[in-house]
Amino acid sequence: MRKIVRCALVLVLAPVLLCLAALAGWFGWRALAEVRHELGRGALERLDSGPQATLIYDTHGKLTHSLFTEQRIDVRLAQISPAMIDAVLAAEDQRFYEHLGLDPVRVARAAIANLEAGGIVEGGSTITQQLARNLRLSRERTWGRKIREVLLAAELEARYDKDKILETYLNTAYFGEGYYGVEAASRGYFGKPAGA
């Protein structure tokens with residue numbers, strides 16, 4: 001009798017599970033197609049960090065004014081102090097050069113911390129995911145946005161090398177007090193370039 005019940009359950013559940021898997025695959029394919037379409041147009045095609053501040057110097061070469069919507073001054077990765085790069089990597093994504101845009105170890109650690117706390121106390125986003133969010137996505141906390149963030153991060157990792165991703169992140173990240181990017185933050189907080 002038990003064998004008959006098991007066979008009946010398998011016959012009933014197998015098509016249902018197959019349909020659910022097909023539906024999940026279709027939604028995943030659609031989401032990926034949408035992300036690839038988005039990548040084909042706009043900021044992620046060139047990894048453009050956004051509007052720059054206009055710097056005004058006096059006749060002696062001294063900076064006198066900065067005009068901006070977002071206080072941002074792009075610099076190349078080679079122009080940024082190695083100490084600053086190390087500090088950002090230590091704080092934001094210690095395994096940046098080891099993962100492919102999604103760090104399963106970090107995600108697991110964040111999930112455990114959030115479960116223990118009974119709410120969201122720690123994030124698991126990598127620098128690549130944060131860059132995808134900064135360039136293309138809203139700040140809303142939904143599963144849909146998080147899935148798009150992961151897909152965009154995977155596409156960024158496939159298209160660009162780690163140094164280009166890190167450079168663009170360092171030029172787009174918000175460092176507080178209206179400063180976007182390490183150069184604007186360094187000049188604003190310390191009065192000197194990020195490479196000093």
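**The nonpolar core and the helices around it**

A: Leaving aside residues up to four places away in sequence, Ile80 touches Val75, Ile85, Leu170, Val182, Ala194 and Gly195, where contact means heavy atoms within 4.5 Å. The model is predicted, so local features need pLDDT of at least 70 and side-chain atom pairs count only at pLDDT 80 or more, while totals for chains, interfaces and linings use all residues. Residues are numbered from 1 along each chain as its sequence is written, and side-chain values use heavy atoms, with hydrogens and water left out.

Ile80 belongs to the largest nonpolar core, which has 22 residues. Such a core is a set of buried Ala, Val, Leu, Ile, Met, Phe, Trp, Tyr and Cys residues joined through side-chain atoms within 4.5 Å. Buried means under 20% relative accessible area, exposed over 50%, and partly exposed in between (1.4 Å probe, protein chains only). Ile80, Ile85, Ile127, Leu166, Tyr169 and Leu170 have the most contacts inside this core. At least two of its residues come from each of helix 3 (82-92), helix 5 (127-136), helix 6 and helix 7 (162-172). Helices (H or I, at least four residues) and strands (E, at least two) are DSSP runs, numbered from the N terminus. In soluble globular proteins, nonpolar side chains tend to be buried together.

Two of these helices pack against each other: the axes of helix 5 and helix 7 are 10 Å apart, at an angle of about 50 degrees. Helix 5 is therefore oblique to helix 7. Axes are lines fitted to C-alpha atoms, for helices over the stretch in contact, with angles from 0 to 180 degrees between N-to-C directions. Angles under 35 degrees count as roughly parallel, over 145 as roughly antiparallel, 65 to 115 as roughly perpendicular and the rest as oblique. On the helix 5 side, Ile127, Thr128, Gln130, Leu131, Asn134 and Leu135 take part, and they meet Ile165, Leu166, Thr168, Tyr169 and Thr172 in helix 7.

Helix 6 (residues 143-159) also has buried residues, among them Leu152, Ala153 and Leu156. Its 17 residues should span 24 Å at 1.5 Å a residue, and because its end C-alpha atoms are 24 Å apart, the two values agree. The expected span is 1.5 Å times one less than the number of residues.

Gly176 counts as buried because its relative accessibility is 16%. Glu177 lies in that loop between helix 7 and strand 4, but is exposed, with a relative accessible area of 67%.
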